[in-house]
Amino acid sequence: MCMTCGCGSEGVHLDGHKDDVGHEHEHVGTDGVVYRHAHRHHHHGSDVSHRHDAEPAVPREIRIERDILAKNDSFASDNRQRFEQEGVLALNLVSSPGSGKTSLLVRTLLALQGKTPVAVIEGDQQTSLDAERIRATGIAAVQVNTGKGCHLDAQMVQRALAEQAPTPESLLFIENVGNLVCPAAFDLGEAAKVVVLSVTEGDDKPLKYPDMFRAARLMLINKCDLLPHVQFDVQRVIENARRVNPGIEVIQLSAVTGAGVAEWLDWLEREFGAVKARRADSVAVLKRRVAELEAQLQAQHTFPANEPHDL
Amino acid sequence: MHELALAESVLQMVDEAARANGFRRVRKIVLEIGQLAAVDPAAMRFCFDAVVRETVADGAVLEIEEIPGRGWCVHCAAVVPMDDFVAACPQCGSFGVQSRSGRELRLKTLEVE
Ligand SMILES: Nc1nc2c(ncn2[C@@H]2O[C@H](COP(=O)(O)OP(=O)(O)O)[C@@H](O)[C@H]2O)c(=O)[nH]1
Ligand SMILES: [Mg+2]
Ligand SMILES: [Zn+2]
Ligand SMILES: [Zn+2]
Ligand SMILES: [Zn+2]
Ligand SMILES: [Zn+2]
Ligand SMILES: [Zn+2]
């Protein structure tokens, strides 16, 4: 809109004139001079007011001093708070394209079927059929359209949550876009990042993408069924991963044969148990607090009535 | 294309500042980018020029202050230069240097009119 005359950009005019008619207005420029002039209805289409040729431009400095990722981080912390309150274990699955995230998810969902409520958010653009592969297991999957985007951000996840709210005390798998670079920088509010690395990739990957391996809590070495056929040193990749992240946990598995998947399911159960226990604790604290407040209220009500009136 | 998302994020912050401060043109944008932040300044400039077209920041100069990586060695307690997260401490040769600076990604100031 025009900041000076207040006219909107969709044919809305404060002074009642028409789109094709110009108007006149008056305002004080940054130089303190009062400008009165007519102008055709240019409609700037943004929140920026128009220029005056007579008015000298006086530059000034504005200090912002804000983290470029601050906006994403604030959406992420909203998501995290929501997950914690509802006892949802949210995991952010990251890898290069083709490491086996979707295959592993499908196998995991089938194993958890009938035992644990699960939901999936699909952000991978490499294979647009991923959400279909997930839905074929009978699990609800929301496909997030990242457009040209190379990563999911916390606001996209929030929109996906609005589309399909996760059940309290459930697992939420978020399959990120196949990319080991920027998903490391964009917090989604997850409890942990799980990085999948397949044995058909180089064992130096943790050194090439240290940010991602530092950000991950768990590394899954996938496609271990192919180990006899490839040059891949499992000990070396673990050493490399621990060089950038000494605390990283490691599980070797195969999404195709199912070898090692039991260990991954145990890891999930342990993490999920911890999330549920924290929720139970906070609910217990809340209940105690409510009970205390109720007792206080009760005391205030009954105390004067039962007390003999000495004065 | 990590930088594209960051450039868009910067533009969003500039738009917010334009609404709050009522300026109509940005002449200069100063960013602080740490050398350990995995952001390529050249790619950042390229993406920035693409996203600011026909906005308040069209034609603005993008100034990038690069912050060198520095770390603290948990073994010998020295403060050392840090080029990446995996290099050994140049003083004692052990691994386990913790970053102290170099991860910055900040919008510092705007010069506006
Ligand atoms: N041999 C073998 N192939 C696998 C394994 N996991 C996935 N794949 C194959 O790797 C390809 C990519 O898998 P996909 O799950 O789509 O990877 P994503 O891009 O990370 O989701 C597919 O052809 C899978 O069949 C595995 O454990 N062993
Ligand atoms: Mg996939
Ligand atoms: Zn106007
Ligand atoms: Zn005017
Ligand atoms: Zn008007
Ligand atoms: Zn990205
Ligand atoms: Zn040292």
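Is A:Asp130 buried or exposed, and what is its relative accessible area? In this predicted model, for which local features need pLDDT of at least 70, side-chain atom pairs count only at pLDDT 80 or more, and totals for chains, interfaces and linings use all residues, A:Asp130 is buried, with a relative accessible area of 0% (buried: under 20% relative accessible area; exposed: over 50%; partly exposed in between; 1.4 Å probe, protein chains only). Residues are numbered from 1 along each chain as its sequence is written, chains are lettered from A and ligands numbered from 1 in the order in which they are written, and side-chain values use heavy atoms, with hydrogens and water left out.

The magnesium ion (ligand 2) is coordinated at 2.1 Å by A:Thr102 (OG1), A:Asp130 (OD) and A:Glu175 (OE); donors are N, O and S atoms within 2.8 Å of the metal (3.2 Å for Na, K and Ca), and the site may look incomplete because water is not among the atoms. A:Thr102 lies in helix H2 (residues 101-112) of chain A and A:Asp130 in helix H3 (residues 130-135) of chain A, so the pair ties together parts that are 28 residues apart in sequence (helices: DSSP runs of H or I, at least four residues; strands: E, at least two; numbered from the N terminus). A:Thr102 is also buried, at 5% relative accessible area.

Between chain B and chain A, 3 salt bridges are counted (a side-chain nitrogen of Lys or Arg within 4 Å of a carboxyl oxygen of Asp or Glu). One of them joins B:Glu16 to A:Lys71, with the closest N and O atoms 2.3 Å apart. Helix H1 (2-21), strand S1 (26-34) and strand S6 (105-112) of chain B each supply at least two residues of the side that touches chain A; the largest share, 11 residues, comes from H1(B).
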